[in-house]
Amino acid sequence: MIEKILKSENIPYKLIDEDKGLKIVKVNGKLHILYLYGKGNKFLMERDFFDYLDSNAIPYSVLCNDTISGKMYYIKLNKNVNWIKSCFETCDKDAIYLGKQVLNVEISEETLRKELKRELR
């Protein structure tokens, strides 16, 4: 889904990593997007992927896609302080579920397109 959107908007990107249910995409050299997708609205962020995103100099965001309902959720995270970073700093888990904070930021494909174009100018 994310690659389809970026291609259709002629936004340059590079696929950094891919695994079952996720992709890390570097967009226009200005933003990393962790794209999580699956059947249902339970999204799992692994510590390894978070560490990769957080250790890079460019900002990052998370796009979650429930492939059954078609709903998408998009959240841009502050590099210095954010709730995901706090969760990993205060526990020894290898992964955390992204719950209410993500499910409260539903976004339409059209709005996501506009947001990405605005962010990447």
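1. Strands here are DSSP E runs of at least two residues, and helices are H or I runs of at least four, numbered from the N terminus. In a regular strand the side chains alternate between the two faces of the sheet.

2. A word on the basis: this is a predicted model, where local features need pLDDT of at least 70, side-chain atom pairs count only at pLDDT 80 or more, and totals for chains, interfaces and linings use all residues. Residues are numbered from 1 along each chain as its sequence is written, and side-chain values use heavy atoms, without hydrogens and water.

3. What does β7 pair with? Its partner β4 runs antiparallel to it, joined by 4 bridges (pairing takes at least two DSSP bridges). Within this pair, Met45 stands opposite Ile96.

4. Leu98 touches Leu36, Phe43, Met45, Val62, Cys64, Trp83 and Ile84, leaving aside residues up to four places away in sequence (contact: heavy atoms within 4.5 Å).

5. Leu98 is also among the residues with the most contacts inside the largest nonpolar core, which has 20 residues. Such a core is a set of buried Ala, Val, Leu, Ile, Met, Phe, Trp, Tyr and Cys residues joined through side-chain atoms within 4.5 Å, buried being under 20% relative accessible area with a 1.4 Å probe, protein chains only. A second, separate core of 16 residues includes Ile2, Leu6, Leu31 and Ile107.

How values were computed
Buried means under 20% relative accessible area, exposed over 50%, partly exposed in between (1.4 Å probe, protein chains only).
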